Amino acid sequence: MASTPPPVPHDPSTPPTHSWRGVFIDSAHTFWPLPCLELLISIMARYRLNVLHWRLTDDTSWRFPIPSFPLLTGTGAYPPSAALGGHTPTLRAGRGPSHPSRCTRGFYSEANVRHLVAYAAQRGIRIIPEICLPSHPEATILTYPTIGDRGLVNAPNNASTDTWPTRASLDFVEAAFHHACELFPSQVIHIGTTGYDRAPYHSDPPPARSAARSARSADTLLIERALHALRFHGRRAGAWDDITRTYSPPPRGSIILARRPNGVGRQAAYTSGAPWVLADATLLSITPARNPESAPPPIDQAKTLRSALPEAMDAERLRGVEALIHPTTITSSDPLFVQLLPQLIVVAEVAWHGASALPWKALAPLIEREMTELSHTVPYWRAHRA
């Protein structure tokens with residue numbers, strides 16, 4: 001990494017305005033080898049972004065081991081794409097051909113996780129894992145059918161595949177969060193919440209064997225089991241703003257991440273009464289475009305973000321901001337530097353300084369200088385090739 005002082009924060013002697021300056025990375029949909037994650041962490045540390053929100057499970061895969069459920073890192077990490085309704089994303093490399101099969105399948109061992117947690121901690125970054133339970137369990141159900149209704153895995157509405165609260169699924173949820181707490185020292189562990197379409201719950205046979213009388217009580221049973229495990233370890237829950245559909249107010253001690261676009265998530269988080277983090281998908285999704293030729297230039301997107309972000313962050317109980325990176329189009333350093341850096345630097349500057357952040361006229365040349373500097377000093381990398 002370059003030794004030249006980074007351009008932001010422009011006055012590191014001042015305390016940050018917000019305690020949560022985060023980046024969300026989705027490894028459930030796209031498997032990133034450790035060197036790729038290390039590079040992202042190094043870039044985050046350069047700009048004093050201090051939270052890596054790491055999604056490790058979703059419908060497409062399960063990425064870390066649970067000792068009592070050893071098949072999760074077998075079928076769960078290498079599911080056949082046809083079994084998941086074609087969820088496998090198509091990746092595009094910055095240079096050379098794409099290798100989707102090598103970028104969407106795999107898992108992180110306990111040693112991998114502990115290494116990355118330590119690597120991040122040495123750079124002032126905490127890793128918050130996201131375990132998508134009870135929602136988005138397709139890969140899990142393919143591996144352990146007793147956890148949910150395997151017949152719903154390919155349902156048209158993916159939200160219908162939430163786990164039902166049987167004894168097997170409740171035990172699984174608890175085991176998953178107990179082990180997550182053992183691997184990750186973060187005080188916040190992100191839980192999955194609920195789906196939107198719960199009609200299948202009332203027509204599917206498994207609920208007859210569960211302890212829930214309604215879809216809402218099914219959701220509550222499963223989430224409470226996750227919360228029970230977290231509280232046992234003295235941790236608190238993070239959750240997307242969808243949790244406000246099931247809980248009003250949200251569970252005690254939880255922090256809400258306002259993700260739903262067009263201000264919907266912001267409104268839900270703001271009115272929840274809980275502390276929250278701005279992660280608006282309309283404003284803060286900075287994933288590289290699949291067709292960069294037709295997308296607005298990244299520097300223009302950064303300018304728009306610099307204009308809108310301070311006002312969006314002027315709210316009660318706001319703890320910080322989180323940039324959303326869905327890395328389905330990142331398989332080399334090219335898009336990382338060319339398309340992500342301008343907006344990441346804006347997020348870092350505004351999250352640190354708030355209303356006193358550098359104006360765009362002063363920030364733009366710093367961004368240009370930084371992109372040039374890093375493109376020459378950071379070794380070129382690609383996703384691992386078998």
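## Exercises on a predicted model

Glu 38 belongs to helix 1, which covers residues 34-46. The structure is a predicted model, and the exercises below are to be worked from it.

**Exercise 1. Determine whether Glu 38 is buried or exposed, and which side chain of opposite charge is nearest.**

Step 1. Glu 38 is buried.

Step 2. The nearest side chain of opposite charge is that of Arg 123, 7.6 Å away.

Step 3. A salt bridge requires a side-chain nitrogen of Lys or Arg within 4 Å of a carboxyl oxygen of Asp or Glu. Glu 38 has no salt bridge.

Step 4. When neighbours within four places in sequence are set aside, the contacts of Glu 38 are His 115, Leu 116 and Tyr 119.

**Exercise 2. Identify the residues with the most contacts inside the largest nonpolar core, and state how many residues this core has.**

Step 1. The largest nonpolar core has 93 residues.

Step 2. Phe 177, Ile 191, Leu 278 and Leu 309 have the most contacts inside this core.

Step 3. Take Leu 309 as an example: beyond its neighbours within four places in sequence, Leu 309 is in contact with Leu 278, Leu 283, Leu 284, Val 321, Val 346, Val 347 and Val 350.

Step 4. Another core, of 11 residues, lies apart from the largest one; among its members are Trp 20, Val 51, Trp 240 and Val 277.

**Exercise 3. Explain why Pro 137 counts as buried and why Ala 315 counts as partly exposed.**

Step 1. Pro 137 lies in the loop between strand 5 (126-131) and helix 4 (138-143). Pro 137 counts as buried because its relative accessibility is 0%, and the cut-off for buried is under 20%.

Step 2. In sequence, Pro 137 and Gly 192 are 55 residues apart, while their C-alpha atoms are 9.7 Å apart in space.

Step 3. Ala 315 is located in the loop between helix 10 (298-312) and strand 10 (318-325). Because its relative accessibility is 29%, Ala 315 counts as partly exposed.

Step 4. Ala 315 and Arg 266 are separated by 49 residues in sequence and by 9.6 Å from C-alpha to C-alpha. With neighbours within four places in sequence left aside, Ala 315 is in contact with Tyr 270 and Trp 276.

**Exercise 4. State how many disulfides a search of the whole structure finds.**

Step 1. A disulfide is a covalent bond between the sulfur atoms of two cysteines.

Step 2. The search of the whole structure finds zero disulfides.

Step 3. Cys 36 counts as buried because its relative accessibility is 3%, and Cys 132 is buried, with a relative accessible area of 2%.

Terms used: Residues numbered from 1 in each chain as written. Predicted model: local features only at pLDDT ≥ 70, side-chain atom pairs only at ≥ 80, totals over all residues. Heavy atoms only, no water. Helix = DSSP H or I, 4+ residues; strand = E, 2+ residues; numbered from the N terminus. Buried < 20%, exposed > 50% of the residue type's maximum accessible area, 1.4 Å probe, protein only. Lys, Arg positive; Asp, Glu negative; His and termini not counted. Contact = heavy atoms within 4.5 Å. Core = buried A, V, L, I, M, F, W, Y, C linked by side-chain atoms within 4.5 Å. Disulfide = S-S within 2.5 Å.
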